[in-house]
Amino acid sequence: MIKTESNSETDKLIKDLIDSDLLRFTIQFFYKTENGLRPFGTGVLVLIHETHFILTASHVADYLIEESNQLFIRVDKEKYINVIGDIKYTDIDKSQGIDLAYIKIDKEMITPLSRPYKFLTIDKISKHNRMLDASNYCVLGFPEKNIKFNNGKLDTGASFYLTSASNENPYEFYGYNKSDFFLVEMKGKGIDIETGDKKKINAHFYGISGCGLWYIDFNQDQQTNEYWLDYRLIGIMTEFKKGKYFCLVANKIHLFIEAFKVIEGFKFNETKKS
């Protein structure tokens with residue numbers, strides 16, 4: 001495990017990792033409008049104790065609380081399925097800013113989701129302590145601004161941001177505790193997954209709520225100097241701040257683990273990462 005700054009070799013490895021794994025764990029929600037389906041947020045697919053879930057933000061999932069509301073997930077170029085399942089979420093007004101939800105999805109969703117997507121397993125979910133001064137953190141989601149129409153048909157795209165952990169100042173300024181929240185810096189450039197182009201960070205982050213915050217573990221072979229990567233899901237993104245400090249805010253993943261223990265009755269054995 002090493003700290004790293006972006007270079008051409010690591011950029012390619014990260015792009016390959018996102019294409020083969022991280023993007024396939026990540027789904028985009030859509031909702032119906034008078035003009036057709038439109039983006040509504042992001043989620044992460046996980047498989048825990050043989051049970052399939054979508055992890056997301058509470059303010060995304062609570063749209064489904066109204067019986068008449070539906071959210072959809074694209075499973076093919078022109079095919080969508082509606083979200084069916086049992087929803088658990090925090091009441092943001094009473095949870096001191098904790099903004100998390102999970103959907104225990106109906107069995108009918110599993111097969112169509114399993115074709116284009118993958119479900120993250122518990123060995124790739126981990127508690128994490130901040131590592132400063134290194135670009136080891138990846139935010140991957142579907143900004144609402146990434147939308148276009150081809151021959152009248154909706155097309156959207158994901159973006160990822162490789163960034164660094166924030167220091168103490170934003171936590172103190174915005175009033176976040178470090179035990180439940182993880183803040184990452186938003187400055188410099190993000191990467192459009194479809195084109196591979198680096199683009200100046202756009203402050204319009206709406207749509208990525210509910211996406212994953214990933215820790216990218218860079219390793220280097222001492223003999224060949226070649227890099228290889230590993231990854232862990234360490235948080236779910238919930239909001240952004242662009243005042244004195246420009247940063248994205250995640251709730252730490254241990255909050256989901258605690259919820260699964262209490263609500264689902266799951267038991268977990270903690271292991272040290274080698």
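# Reading cysteines, strands and salt bridges

Modeller: Let us begin with Cys-138, which counts as buried at 0% relative accessibility; buried means under 20% relative accessible area, exposed over 50% and partly exposed in between, using a 1.4 Å probe and protein chains only. This is a predicted model, in which local features need pLDDT of at least 70 and side-chain atom pairs count only at pLDDT 80 or more, while totals for chains, interfaces and linings use all residues. Residues are numbered from 1 along each chain as its sequence is written, and side-chain values use heavy atoms, with hydrogens and water left out.

Colleague: How many disulfides does the count come to?

Modeller: A disulfide is a covalent bond between the sulfur atoms of two cysteines. The rule here asks for a pair of cysteine sulfur atoms within 2.5 Å, and by this rule the count is 0. The closest cysteine sulfur to that of Cys-138 belongs to Cys-211 and lies 8.7 Å away, which is too far for a bond. Cys-247 is another buried residue, with a relative accessible area of 1%.

Colleague: Which way do the residues of strand E12 point, and are they buried or exposed?

Modeller: Helices (H or I, at least four residues) and strands (E, at least two) are DSSP runs, numbered from the N terminus. In E12, Ser-159, Tyr-161 and Thr-163 point one way, whereas Phe-160 and Leu-162 point the other way, and all are buried. Because 5 of the 5 residues of E12 (residues 159-163) are buried, this strand is largely enclosed by the rest of the structure.

Colleague: How many salt bridges does the count come to?

Modeller: A salt bridge is a side-chain nitrogen of Lys or Arg within 4 Å of a carboxyl oxygen of Asp or Glu, and the count by this rule is 13. One of them joins Asp-19 and Lys-15 at 2.7 Å, N to O, and both residues lie in helix H1 (residues 8-20), 4 residues apart, about one turn of the helix.

Colleague: Which parts does the pair of Lys-124 and Asp-230 tie together?

Modeller: Lys-124 forms a salt bridge with Asp-230, with the closest N and O atoms 2.6 Å apart. Lys-124 lies in the loop between strand E8 (120-121) and E9 and Asp-230 in strand E17 (residues 227-242), so the pair ties together parts that are 106 residues apart in sequence. Both Lys-124 and Asp-230 are buried, and together with Arg-232 they are linked in a network of salt bridges.
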